[in-house]
Amino acid sequence: MTQHASAQTHPWAVVFGGPSPEHEISILTGLQAERVLTAAGQKVVPIYWSPTGEWFRVPDATEAKDYLEGAPRDSQPLEVRLSGEPGLYRRKRLGAERIELDTALLCLHGGAGEGGGAAALFSFLGVPATGSTLFAGAVGMDKLAFGGLMASAGIPSLPREAVSTLREPGFAGPYIVKPRFGGSSIGIEIADDIEAARALAASSVHLRTGAVLEPYRPELVDLNISFRTHPKLEITELEKPLRGEGGSALYSYAEKYLAGGSGAEAGLTSAPREFPANVDASIHEAARDLAARVADVTRLTGVVRVDLLLDEAAGELFVNEVNSIPGAMSLYLWAPTQPAATVLIDALVEARDKRVVFPQAGFGGGAALRAAGGIAGKLVGLDGPRA
């Protein structure tokens with residue numbers, strides 16, 4: 001157990017749900033994390049963010065089925081206040097009571113939660129939160145930006161371009177078409193040519209806000225590896241997910257999260273897999289090297305999963321995507337070497353220790369404001385032709 005855990009003065013929040021296609025998986029991760037921390041003797045406050053934006057303090061030790069119709073029975077509505085005395089407040093008949101929190105464990109998958117929005121929100125609330133900064137989280141969620149970052153850093157990855165009506169792709173089809181701002185499984189399609197890809201991008205609810213293309217290479221094999229950054233950079237063994245006979249052409253959402261098991265660990269711990277992956281030792285070494293390079297260039301922190309693709313015949317390994325808040329916090333990848341509670345507590349301690357407090361005044365010292373003069377003089381040329 002991390003020695004700094006004893007410094008916890010207020011409960012840790014476990015935050016899950018959120019407006020995202022991966023809402024249900026986030027609930028499973030949150031419930032699992034709550035149980036791990038509670039079993040380790042920690043004080044925990046479970047907080048649920050509904051798909052429509054409401055926040056709730058939910059009862060302890062709820063089950064997945066309790067969320068089938070929204071917030072569970074006996075949940076307490078919360079107010080999120082960003083001004084005055086920021087924080088999460090429990091509504092009461094004669095006002096509201098602030099919930100004192102030490103640190104928040106973010107178990108939000110996809111959407112604004114994983115894409116940096118929750119990191120920004122909790123920084124405004126003054127509550128240290130696990131995971132990465134707003135900026136690193138946003139790059140991890142933006143597949144086009146992440147692909148560009150990999151290319152600029154010389155990290156092997158497949159070509160990736162935006163689906164565009166203005167230009168032709170730089171590589172031939174068939175293509176994998178993915179949501180530019182989505183998770184690693186939902187909304188992914190295969191298109192034979194660019195016209196089919198454009199039609200998918202225009203019609204799919206998951207692709208309308210942006211889509212990316214990659215070459216479809218059915219011979220490539222999925223591999224996963226996780227790293228954590230506290231108390232030092234550590235990397236897990238390599239996992240190879242397995243697909244049953246007659247499985248889909250792509251490693252799907254259902255295969256990743258719904259295959260095998262039940263309850264909070266459905267499809268996460270029990271999905272068919274090789275662990276460690278039955279691949280050459282050189283591939284294990286290359287995967288660890290790539291994970292370390294991804295950690296270095298992205299500045300992602302906490303517990304992160306890196307998804308890789310392997311061309312077994314050529315012995316080539318590619319970085320595919322990164323998950324800054326992975327399903328089940330990748331605890332199943334850490335299980336052989338690290339107790340689940342240690343992984344989560346270290347992430348919480350890191351969040352508390354790295355908290356950055358920005359000064360509330362002093363930016364610029366007022367020099368630009370004093371030099372501006374009247375704003376009317378700055379509008380010349382912006383208000384249309386003069387008579």
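Visitor: In which loop is Glu 239 found?

Guide: Glu 239 sits in the loop between strand S13 (234-235) and strand S14 (240-241). Please keep in mind as we go that this is a predicted model.

Visitor: What makes Glu 239 count as buried or exposed?

Guide: The relative accessible area of Glu 239 is 5%. Buried means under 20%, so Glu 239 with its 5% is called buried.

Visitor: Which residues are in contact with Glu 239, leaving aside its neighbours within four places in sequence?

Guide: The list holds Asp 222, Leu 223, Asn 224, Arg 273, Glu 274, Phe 275, Ala 277, Tyr 332 and Leu 333.

Visitor: And why is there said to be a polar contact between the side chains of Glu 239 and Arg 273?

Guide: The distance for that pair is 3.4 Å. A polar contact needs N or O atoms within 3.5 Å, one able to donate a hydrogen and the other to accept it, so the side chains of Glu 239 and Arg 273 at 3.4 Å are joined by one.

Visitor: Let us turn to salt bridges. How do you know that Arg 228 forms one with Asp 346?

Guide: Their closest N and O atoms are 2.7 Å apart. The cut-off is 4 Å between a side-chain nitrogen of Lys or Arg and a carboxyl oxygen of Asp or Glu, so Arg 228 and Asp 346 qualify. This pair links distant parts of the chain, with Arg 228 in strand S12 (residues 221-228) and Asp 346 in helix H9 (residues 340-353), 118 residues apart.

Visitor: Are Arg 228 and Asp 346 buried or exposed?

Guide: Arg 228 has a relative accessible area of 3%, and Asp 346 has 6% relative accessibility. Buried means under 20%, so Arg 228 and Asp 346 both count as buried.

Visitor: What makes Arg 217 and Glu 219 a salt bridge, and what are they called by accessibility?

Guide: The closest N and O atoms of Arg 217 and Glu 219 are 2.8 Å apart, so the pair falls within 4 Å. Arg 217 has a relative accessible area of 25%, while Glu 219 has 41%.

Visitor: Now the cavities. What is known about the second largest cavity?

Guide: Its volume is about 80 Å³, and the structure holds 7 cavities of 30 Å³ or more. The second largest cavity is lined by 11 residues, with Gly 140, Met 141, Gly 182, Val 322 and Asn 323 nearest its centre. Helix H3 (134-141) and strand S17 (316-323) are the elements that give two or more residues to this lining, and S17 gives the most, with 3 residues.

Visitor: How does the lining of the second largest cavity divide by class?

Guide: The lining has 2 nonpolar, 6 polar and 3 charged residues.

Notes
Residues numbered from 1 in each chain as written. Predicted model: local features only at pLDDT ≥ 70, side-chain atom pairs only at ≥ 80, totals over all residues. Heavy atoms only, no water. 1 Å grid on protein atoms, 1.4 Å probe; cavity = no way out; pocket = protein on both sides within 12 Å on 5 of 7 lines; lining within 4 Å. Points joined across faces, edges and corners; volume = space filled by probe spheres on them. Helix = DSSP H or I, 4+ residues; strand = E, 2+ residues; numbered from the N terminus. Nonpolar A, V, L, I, M, F, W, Y, C, P; charged D, E, K, R; others polar. Buried < 20%, exposed > 50% of the residue type's maximum accessible area, 1.4 Å probe, protein only. Contact = heavy atoms within 4.5 Å.
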